[in-house]
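Below is a short briefing for a reader new to this structure.

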Amino acid sequence: MNERKEALFRVLVSIITGIILWLWSYLAGFLALLHWVIVLITNKRNRTIADFIEYYNTELYKFSRYISGVRNERPFPFTDAERMSKFK
């Protein structure tokens, strides 16, 4: 795809992915607070919640890089969701 078509496609991607990430951000924020409470009570982190929030963080980062023109790799839902770091 040439650069002009890719730039126009970024508008469509920004609308679709932006809505998904906006909704996802509320869920990730709620889960981050819940995770904090879980850690206070159990003294250990929940891997499932941490992984879910890491997926959100990675996709938000990929979205920012795509929309700003740094990379041409499209964010979720146009590619599979992925994590940049692992739970440790």
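Arginine 71 and glutamate 73 form a salt bridge, with their closest N and O atoms 2.9 Å apart; a salt bridge here is a side-chain nitrogen of Lys or Arg within 4 Å of a carboxyl oxygen of Asp or Glu. The structure holds four salt bridges. This is a predicted model, in which local features need pLDDT of at least 70 and side-chain atom pairs count only at pLDDT 80 or more, while totals for chains, interfaces and linings use all residues. Residues are numbered from 1 along each chain as its sequence is written, and side-chain values use heavy atoms, with hydrogens and water left out.

**Salt bridges**

- Glu59, Lys62, Arg71 and Glu73 are linked in a network of salt bridges.
- Within it, glutamate 73 meets lysine 62 at 3.9 Å, N to O. This pair links distant parts of the chain, as glutamate 73 lies in the segment after α2 and lysine 62 in helix α2, 11 residues apart; helices are DSSP runs (H or I, at least four residues), numbered from the N terminus.
- Lysine 62 is buried, at 9% relative accessible area, whereas arginine 71 is partly exposed at 39% and glutamate 73 is partly exposed at 31%. Buried means under 20% relative accessible area, exposed over 50%, and partly exposed in between (1.4 Å probe, protein chains only).
- Arginine 47 pairs with aspartate 51 in another salt bridge, the closest N and O atoms being 3.7 Å apart. The two are separated by about one helical turn because they are four residues apart in helix α2.
- Arginine 47 is partly exposed at 47%, and aspartate 51 is buried at 15%.

**Nonpolar core**

- The largest nonpolar core has five residues: Leu21, Trp24, Ala28, Tyr56 and Phe63. Such a core is a set of buried Ala, Val, Leu, Ile, Met, Phe, Trp, Tyr and Cys residues joined through side-chain atoms within 4.5 Å.
- Helices α1 (3-42) and α2 (47-67) each supply at least two residues of this core, and α1 gives the most, with three.

**Single residues and their contacts**

Contact means heavy atoms within 4.5 Å; residues up to four places away in sequence are not counted.

- Phenylalanine 63 touches Val13, Ser14, Thr17, Gly18, Leu21 and Pro75.
- Threonine 58, in helix α2, is buried at 1% and touches Glu82, Arg83 and Met84.
- Isoleucine 20, in helix α1, is partly exposed at 27% and touches Phe76 and Pro77.
- Phenylalanine 78, in the segment after α2, is in contact with Phe9, Val13, Ile16 and Thr17.
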